[in-house]
Amino acid sequence: MKRPDFAKTALAVLLGAAMLSTGACARHQDKTPKLANLKAEAALPAANLSAKVDQDISHDPDNVLLLDLSNGGRVAIRLMPKWAPHHVERIKTLTRQGFYDGIIFHRVIEGFMAQTGDPTGTGAGGSKLPDLKAEFNSIPHVRGSVSMARTNEPDTANSQFFIVFYPRFALDKRYTNFGRVIAGMDIVDAIVRGEPPSNPTKILQASIASDNKPRPVITAPTAAPKISIDQLNNSRSN
């Protein structure tokens with residue numbers, strides 16, 4: 001049996017961390033972190049938490065975030081106060097203020113994640129509320145995980161968050177994992193890719209399930225008028 005190559009494993013982890021810190025999940029423009037910062041973050045204690053998530057939307061609706069997107073679908077996210085109480089409270093506060101309504105997914109990387117929550121659409125914006133102290137935890141970043149974006153510095157999460165397309169364990173204990181998609185992951189998969197996308201997917205409405213807000217009406221695009229043969233024959237174009 002081959003022995004694991006610890007040097008290659010360590011290099012892969014550092015390379016993954018560097019990629020993330022150069023902007024993959026950044027709220028502001030990031031710089032490559034110093035090794036001292038990486039060591040400090042890695043030393044943060046992990047809480048003994050359960051990664052189990054209730055998939056039933058009807059249960060505890062005060063901790064279910066609903067995102068109605070411009071692609072016509074609805075995403076339900078189970079918020080987990082036990083994992084990150086202050087981050088969950090921030091998401092609920094901003095949602096009830098209508099902060100996320102109309103905001104685009106400004107950074108969507110194929111095979112990685114979809115990021116939103118910046119009213120400027122640039123990745124450099126946030127809310128007027130103060131930044132949050134990190135609540136890094138032991139919950140793994142699996143498909144559907146919802147986590148807060150930040151800069152190089154741990155305590156800089158504010159309003160931006162991202163949804164993970166595929167497992168990304170290099171994010172564990174380095175970004176605050178506060179929830180998971182429990183319905184509509186196919187809708188997340190349909191979010192338009194790009195950094196930023198040329199035609200970005202938008203959050204039409206974010207709401208907390210217990211508030212029972214009606215779903216927004218999505219107006220179907222007006223069909224282009226049919227062009228007749230006579231019109232083509234009479235065209236002035238060359």
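Biologist: Is Val 192 buried, partly exposed or exposed?

Modeller: Buried means under 20% relative accessible area, exposed means over 50%, and partly exposed is in between, with a 1.4 Å probe and protein chains only. At 32% relative accessibility, Val 192 counts as partly exposed. Keep in mind that this is a predicted model, where local features need pLDDT of at least 70, side-chain atom pairs count only at pLDDT 80 or more, and totals for chains, interfaces and linings use all residues. Residues are numbered from 1 along each chain as its sequence is written, and side-chain values use heavy atoms, with hydrogens and water left out.

Biologist: Where is Val 192 placed, and which residues is Val 192 in contact with, leaving aside its neighbours within four places in sequence?

Modeller: Helices (H or I, at least four residues) and strands (E, at least two) are DSSP runs, numbered from the N terminus. Val 192 sits in the loop between α4 (185-189) and β8 (203-208). Contact means heavy atoms within 4.5 Å. Leaving aside neighbours within four places in sequence, Val 192 touches Val 108, Pro 197, Asn 199 and Thr 201. Its C-alpha is 9.4 Å from that of Glu 110, 82 residues apart along the chain.

Biologist: How many residues does the largest nonpolar core have?

Modeller: In soluble globular proteins, nonpolar side chains tend to be buried together. A nonpolar core is a set of buried Ala, Val, Leu, Ile, Met, Phe, Trp, Tyr and Cys residues joined through side-chain atoms within 4.5 Å. The largest one has 32 residues, and those with the most contacts inside it are Leu 67, Ile 77, Tyr 100 and Phe 178. A second, separate core of nine residues includes Met 80, Trp 83, Ile 182 and Ala 209.

Biologist: How do I read the aromatic pairs?

Modeller: A pair of aromatic rings is described by the distance of the centres and the angle of the planes. Rings of Phe, Tyr and Trp (its six-membered ring) pair if their centres lie within 6.5 Å; planes under 30 degrees apart count as stacked, over 60 as edge-to-face and the rest as tilted. The count comes to four aromatic pairs. Phe 161 and Phe 178 have ring centres 6.3 Å apart and planes at 85°, so the pair is edge-to-face. That pair links strand β6, with Phe 161, to strand β7, with Phe 178, 17 residues apart. Both Phe 161 and Phe 178 are buried. Phe 162 and Tyr 175 also pair edge-to-face, with centres 6.0 Å apart and planes at 80°, and both are buried. Ring pairs join Phe 99, Tyr 100, Phe 161 and Phe 178 into a cluster.
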